[in-house]
Amino acid sequence: MNKPLKKKELDQFKEILIEEKRKILRHLEDITESSEEGLSMGGGDSADLASLEINQASLQKIGKREETLLRKIDLALAKIEDGTFGECENCGEPIGAPRLMARPVAQLCIDCKTEQENVERKFSSREPTDDDGDGAGEDSEESE
Ligand SMILES: [Zn+2]
């Protein structure tokens, strides 16, 4: 059984998530050529970055995949704030640090995720890309 996350682990995931967000924002900055409403990122502290909202126009310039990831990062950061980070959205069990390490934006525990993927495969008209991003193989390290 997975254990709930410790405070220290939560802090660690927050750092990881913010770094991911920073990467996307940097890419976004590249695309927008630092034009309009300055995404002034320069050395901004993590707390600011965590709550930074990106406007819709800018979001359309990055790919669907990054946009989706960005939303998930924001969601995950919000969960860290309200203390629900690391809980499976389906069954409420702890997702577990190893899975979160591999995929900090994971919203489902491995059991629920596997089940969801099976359902998606059955109704394969639905792209599996709208949940955990890069799809197959992501959970292969879940050997425990
Ligand atoms: Zn679950």
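Predicted model: local features only at pLDDT ≥ 70, side-chain atom pairs only at ≥ 80, totals over all residues.
Local features were taken at pLDDT of at least 70 and side-chain atom pairs at pLDDT 80 or more, whereas totals for chains, interfaces and linings use all residues. Residues are numbered from 1 along each chain as its sequence is written, and side-chain values use heavy atoms, without hydrogens and water.

Let us start at the metal. The SG atoms of Cys-88, Cys-91, Cys-109 and Cys-112 coordinate the zinc ion at 2.2 to 2.3 Å (donors are N, O and S atoms within 2.8 Å of the metal, or 3.2 Å for Na, K and Ca). The angles subtended by these 4 donor atoms run from 105 to 115°, which makes the arrangement tetrahedral (all angles between 85 and 135 degrees for four donors). Along the sequence, the donor residues follow the spacing C-x2-C-x17-C-x2-C. Cys-91 sits in the loop between α4 (64-82) and α5 (97-102) and Cys-112 in helix α6 (residues 110-122), so the pair ties together parts 21 residues apart in sequence (helices are DSSP runs of H or I, at least four residues). Cys-112 is buried at 10% relative accessibility (under 20% relative accessible area, with a 1.4 Å probe and protein chains only).

The largest nonpolar core has 26 residues, of which Leu-5, Leu-17, Phe-85 and Leu-100 touch the most other members (a core joins buried Ala, Val, Leu, Ile, Met, Phe, Trp, Tyr and Cys residues through side-chain atoms within 4.5 Å). Helix α1 gives this core its largest share, 7 residues. Buried residues of α1 include Leu-10, Phe-13 and Leu-17. Beyond its neighbours within four places in sequence, Leu-17 is in contact (heavy atoms within 4.5 Å) with residues including Ile-73, Phe-85 and Val-105.

Key: Tetrahedral: all angles 85-135°; square planar, octahedral: opposite > 155°, others 65-115°. Helix = DSSP H or I, 4+ residues; strand = E, 2+ residues; numbered from the N terminus. Buried < 20%, exposed > 50% of the residue type's maximum accessible area, 1.4 Å probe, protein only.
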